[in-house]
Amino acid sequence: MLKIWGRINSTNVRKALWAAEEVGVAYEQRDAGGAFGLVNEPAYRARNPNGLVPMIEDGDLVLWESNAIVRYLAARYAAGTLYPESPVARAEGDKWMDWATSSFATPFRDLFWGTLRTPPAERNQALIDAALTRCGELLSIPDQVLAQRPYLSGDAFAMGDIPLGCFAYAWFEMPILRPELPHLQAWYERLTARPAYRKAVMTALT
């Protein structure tokens, strides 16, 4: 059986869990990282030298890096749907997967950790405010795209929607003053209608 290692309140772990739910493969989730530890133990490091989550085991395959896990699960278990057949369509999804990680994740981390995981007395409000502004600026980019089509992946939901979709849950549920991004909001509402999203992503934020 597919094993997914990681704590369920991790955005990156949610990617793997959501992908597994979408493709319909049976899996076992094993807590690791954060308060659960385990990631620095020799047996874990032997399989994942980064000592991060998520990590999956699927038969003889051991794989880490969340976007790589999403691509693998989509390609192996949902080729033609979650993993589009067209190289052009796959490239469109790949672009948004990588954008979420390379452009959006860093300012979002400052916002998320500052707002939800830092005691009020220790918060750097200037850093939080700057991160909120930057996240809003960045999210205006997919908002414009989503004005033209229902999903980042194109006309149908696919792997390209998963990474930013996991960030979107916290973005829309955190107690912050968000800018108006109506097309992003409508996309998020479409995601929340998916049973796999509700099960794998819409869990406690902290």
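**Close-up views of a predicted model**

**View 1. Trp99, a buried residue of H4.** Trp99 counts as buried because its relative accessibility is 13% (buried means under 20% relative accessible area, exposed over 50%, partly exposed in between, with a 1.4 Å probe and protein chains only). Trp99 sits in helix H4 (helices are DSSP runs of H or I with at least four residues, strands are E runs of at least two, and both are numbered from the N terminus). Leaving aside neighbours within four places in sequence, Trp99 is in contact with Phe104, Leu138, Ile141, Pro142 and Leu164. Contact means heavy atoms within 4.5 Å. Tyr72 is 27 residues from Trp99 along the chain, and their C-alpha atoms are separated by 18 Å.

This is a predicted model, where local features need pLDDT of at least 70, side-chain atom pairs count only at pLDDT 80 or more, and totals for chains, interfaces and linings use all residues. Residues are numbered from 1 along each chain as its sequence is written, and side-chain values use heavy atoms, with hydrogens and water left out.

**View 2. Helix H4 against helix H6.** The axes of H4 (residues 87-116) and H6 (residues 162-173) come within 9 Å and cross at roughly 20°. Axes are lines fitted to C-alpha atoms, for helices over the stretch in contact, and angles run from 0 to 180 degrees between N-to-C directions. H4 and H6 are therefore roughly parallel to each other (angles under 35 degrees; over 145 is roughly antiparallel, 65 to 115 roughly perpendicular, the rest oblique). From H4, Met97, Trp99, Ala100, Phe104, Ala105, Phe108, Leu111 and Phe112 take part. They meet Pro163, Leu164, Phe167, Ala170 and Trp171 of H6. The contact residues of H4 with H6 divide into 13 nonpolar, no polar and no charged. Nonpolar covers Ala, Val, Leu, Ile, Met, Phe, Trp, Tyr, Cys and Pro; charged covers Asp, Glu, Lys and Arg; the others, Gly among them, are polar.

**View 3. Helix H1 beside helix H3.** H1 (residues 11-23) and H3 (residues 66-77) pack at an angle of about 5°, with axes 9 Å apart. That makes H1 roughly parallel to H3. H1 brings residues including Asn12, Lys15 and Val23, while H3 brings residues including Ser66, Leu73 and Tyr77. The residues of this contact are nine nonpolar, three polar and one charged.

**View 4. Asn48 in a loop.** Asn48 lies between helix H2 (42-47) and strand S3 (55-58). Asn48 is buried, with a relative accessible area of 1%. Not counting residues up to four places away in sequence, Asn48 touches Pro54, Met55 and Trp64.
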